[in-house]
Amino acid sequence: MSLPVIHHPDYTFDLPQQHPFPMQKFAVLREHLLRFNNHLQWHEPEEISFEQLAQVHSSSYLQALFEGALTRDAQRRSGFPWSPALVRRVRLETAGTLLAARVALAKGLALNSAGGTHHAHADFASGYCLINDLAVTATTLLNEGSVKRVLIIDLDVHQGDGTARIFADEPRVFTLSVHAARNFPANKAVSDCDIALESGADDATYLETLSAVVPPLISRVSPDLVIYDAGVDVHADDRLGHFRLTDSGVFARDQWVLQTVRQAGIPLVGVIGGGYDRNVEQLAARHAFFFEAALTLGKAS
Ligand SMILES: [Zn+2]
């Protein structure tokens, strides 16, 4: 019995000093996961192609991204200074989510140790998100006929605005976003289901909301695959979140989502989503809860 985990060493690269994004968390998360190494089955993605990304993103945007021709404003909005390492990273991360989805379709469950770049739009980057891995994964699988309906459960504290806009006219993908009402992005998109919670939401409020919303959606949508964004920026100590979830609340959330989806017999692919804490050790430990929760299922083949 082992849990498929997708990881690449180049998920992490050196950003300029003082850059606010905690890029090291991916490397530290790997160290955390090695503690459960006997129960994990590692997979390494290869960079996704331009053509695969062009199923979702505009060619002009992709060209500018690949060639380093993004304008200064576009780079500022992305949150990252452009570099070849950045492009390699996002191509690996996106390929990682797609690979995880393929493994999940075969085995029931697989988790990417990155991903969840839900602010990326078809033709621009936003909020540390350059390519929308959730959208590329769902679209690729739909286009090749591997799935007919996909449910995206986005529990990152920020709204999945890029995903919502990309799939606004795509009835085969249902987008659920549970997020903080007063947080980035200021200008919210319209998901198929938006649950905007007030700042200060605690474990009880949050988990009650999920149990009221998610099971009926699973029955209604009846997806062939659930893509779950398990952002930990819902945690009380997160720098960019406005909720008050505890460690045990985050763990309980992930365990509940995994159990609920898997008990319905639906494959689940997980991505780690957002998490912003100056203490990278604590942050990586928080992301590791997702993998620990998956191991408690005891059902990953
Ligand atoms: Zn977030």
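Q: Which arrangement do the 4 donor atoms around the zinc ion make?
A: This is a predicted model, in which local features need pLDDT of at least 70, side-chain atom pairs count only at pLDDT 80 or more, and totals for chains, interfaces and linings use all residues. Residues are numbered from 1 along each chain as its sequence is written, and side-chain values use heavy atoms, with hydrogens and water left out. Four donors are tetrahedral if all angles lie between 85 and 135 degrees; four are square planar and six octahedral if opposite donors are over 155 degrees apart and all others between 65 and 115; anything else is irregular. The angles here run from 52 to 156°, so the arrangement is irregular.

Q: Which residues are the protein donors of the zinc ion?
A: Donors are N, O and S atoms within 2.8 Å of the metal (3.2 Å for Na, K and Ca); water is not among the atoms, so sites may look incomplete. The donor atoms lie 1.9 to 2.7 Å from the zinc ion.

Q: How are the donor residues of the zinc ion spaced in sequence?
A: Aspartate 156 and histidine 158 are both buried. Buried means under 20% relative accessible area, exposed over 50%, partly exposed in between (1.4 Å probe, protein chains only). The spacing of the zinc donor residues is D-x1-H-x74-D.

Q: How many disulfides does the structure hold?
A: A disulfide is a pair of cysteine sulfur atoms within 2.5 Å. Cysteine 129 is buried at 5% relative accessibility. Cysteine 193 is buried too, at 18%. The number of disulfides is 0.

Q: What is the radius of gyration of the protein chain?
A: The radius is taken over C-alpha atoms, and the globule rule is 2.2 Å times the number of residues to the power 0.38. For 301 residues, a compact globule would come near 19 Å. The chain agrees with that, at 17 Å.

Q: What share of the 301 residues in the protein chain is buried?
A: The chain has 10 helices and 8 strands. Helices (H or I, at least four residues) and strands (E, at least two) are DSSP runs, numbered from the N terminus. The buried share is 58%.

Q: How far does helix 8 reach from its first C-alpha to its last?
A: Helix 8 covers residues 203-221, 19 residues in total. The expected span of a helix is 1.5 Å times one less than its number of residues.

Q: What covers the buried residues of helix 8?
A: Among the buried residues of helix 8 are Tyr206, Leu210, Val213 and Leu217. An α-helix has 3.6 residues a turn, so residues three or four places apart point the same way. The cover includes strand 4 (150-154), strand 5 (173-180), strand 6 (193-197) and helix 9 (247-263).

Q: Which residues does histidine 287 touch, not counting residues up to four places away in sequence?
A: Histidine 287 sits in helix 10 (residues 280-297). At 1% relative accessibility, the residue is buried. Contact means heavy atoms within 4.5 Å. Histidine 287 touches Lys25, Leu29, Val232, Ile272, Gly273, Gly274 and Gly275.

Q: Is histidine 8 buried or exposed?
A: Histidine 8 lies in the loop between strand 1 (3-6) and helix 1 (25-33). Outside its sequence neighbours up to four places away, histidine 8 touches Glu44, Pro45, Arg88 and Leu92. With a relative accessible area of 8%, histidine 8 is buried.
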